[in-house]
Amino acid sequence: MYNNIILLGSTGSIGRQTLDVCKMHGINVVALSANSRTRILEEQIKEFHPKYICITDMDAATAFEGKAAAYGCVLYKGKEGLVKLATLDTDAVVLNAIVGIAGLEATLNSIKSGKDVALANKESLVTGGKLVTDAVKKYGVKLLPVDSEHSAIFQCLQDKDSAKSLKKIILTASGGPFYGYTKEQLETVTKAQALKHPNWSMGAKITIDSATLMNKGLELIEAVWLFGLKAEDIKIVVHRQSIVHSAVQFADNSVIAQMGVPDMRIPIQYALTYPDRLESPAEELDFWNMSALTFGEADTDTFLCLKAATEAINKGGLYPCAVNGANERAVELFLKDKIKFTDIGRAVYKTVSAFDLPSDYTVEDVYKTDKMAREFVDSYFADEA
């Protein structure tokens, strides 16, 4: 169990639930970061008394200077401040709950500073998987998955010899609010409908990603890097109840699954208390009142984001970075009511074949590719207008 934590992205859904776990188990909160939601951050400062904070939005950071001083906090600003927070000279685990590619630099710098990372920022592995995993090996730190699905797989592989006989990963997906919809039905989906996830309470971006199945595509890419399998050895299975969080299949075809109520505090806590299991703020799973557990296939012809992510990881190199950047930009446009729901998948899928990208890359290449992908999405919709 970790006694100290540096929490990046504290005001989001994962960040707030992480603080529930910290409160329950007395984990000392050394530092908190937020982008611009300073009202929530201030309440967290009052309760958890971090010594350091970072606000990445420069205007919000400047406006908060007086309050930071009043609370006795050292305030860092902007992207550079986030790196300083992630590399503080203190014995603490870094939990990265930042949304999007913005979390990559913090992940890499945390690792290089010798800190274990509890990773909720899947884009770190999606955009720079080789860079992150190489750094983990070089600096000898732990990379602990926080996503419920990857935590489930991680938990199923705790027998030290189990990874040797791992044959397949069964990566579960809720299917989002539009499972079973046809392409025609998706054309009329509204933003309000897309923001209503059937099982999980999440931020807007990840909720839209769940509706398009892009989130499962990103998790597929993340699983390739975390567990060392090819994409073809990871089977995505739609499980509407979100009770089985994922499973692993071994050489003898036996399957071990991890189950629990859909509550992110379970995987968050396991990352922070690993390898121990402690009492959790989450509810017990009630088998006696479960009517059924169902499983089905994901429709990649209808949900083009998942198809794009699968093709991208099979092509390797910077292609996953390109589809991630395209998706981030397309979701941003959708949330601003500038494109339709189905436009997200069309633009992301077009990105897979839009560029000739290298297999080897640097951090600078990652950001260059991300920028190109976003610009491609803008030009794609400009051409359609």
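## Basis of the description

The model is predicted, and local features need pLDDT of at least 70, side-chain atom pairs count only at pLDDT 80 or more, and totals for chains, interfaces and linings use all residues. Residues are numbered from 1 along each chain as its sequence is written, and side-chain values use heavy atoms, with hydrogens and water left out.

Helices (H or I, at least four residues) and strands (E, at least two) are DSSP runs, numbered from the N terminus.

## The sheet

Five strands, in the order β11-β10-β8-β9-β12, make up an open sheet with mixed pairing. Two strands pair if DSSP finds at least two bridges between them. At the edges lie β11 and β12 (296-297), each of which pairs on one side only. Strands of a sheet pair through backbone hydrogen bonds, either parallel or antiparallel.

Strand β8 (166-173) is joined to β9 by five bridges, and the two run parallel; L171 has I236 of β9 as its bridge partner. With β10, β8 pairs in the antiparallel sense over four bridges, and L166 stands opposite F250 of β10. Strand β9 (residues 234-238) is also joined to β12 by two bridges, and these strands run antiparallel. There, V237 has E297 of β12 as its bridge partner.

Six of the eight residues of β8 are buried, so this strand is largely enclosed by the rest of the structure. Buried means under 20% relative accessible area, exposed over 50%, and partly exposed in between (1.4 Å probe, protein chains only).

## Helix α8 against the sheet

Helix α8 (residues 148-156) is mostly covered, with nine of its nine residues buried. Among them are H150, I153 and F154. The elements that cover these residues include strands β7 (143-145) and β11 (255-259) and helices α12 (214-227) and α13 (265-273).

Helix α8 packs on the sheet, where it touches β8, β10 and β11. Contact means heavy atoms within 4.5 Å. The direction of α8 makes about 40° with that of β10. Axes are lines fitted to C-alpha atoms, for helices over the stretch in contact, and angles run from 0 to 180 degrees between N-to-C directions.

## Two helix pairs

The axes of α6 (residues 104-112) and α7 (residues 123-139) come within 9 Å and cross at roughly 5°. That makes α6 roughly parallel to α7. Angles under 35 degrees count as roughly parallel, over 145 as roughly antiparallel, 65 to 115 as roughly perpendicular and the rest as oblique. Residues of the contact include L104, L108 and I111 of α6 and L131, V132 and Y139 of α7. The contact residues divide into eight nonpolar, four polar and one charged. Ala, Val, Leu, Ile, Met, Phe, Trp, Tyr, Cys and Pro count as nonpolar, Asp, Glu, Lys and Arg as charged, and the others, Gly among them, as polar.

The axes of α11 (residues 204-212) and α12 come within 5 Å and cross at roughly 90°. Helix α11 is therefore roughly perpendicular to α12. In this contact K205, I206, D209, S210 and T212 of α11 meet M214, N215 and L218 of α12. Three of the residues are nonpolar, three polar and two charged.

## Cysteines

The structure holds zero disulfides (pairs of cysteine sulfur atoms within 2.5 Å). C22 is in no disulfide, and the nearest cysteine sulfur, that of C73, is 16 Å away. C22 is buried, with a relative accessible area of 2%.

The sulfur of C305 is 16 Å from the closest cysteine sulfur, in C321, which is too far for a bond. C305 also counts as buried, at 1% relative accessibility.
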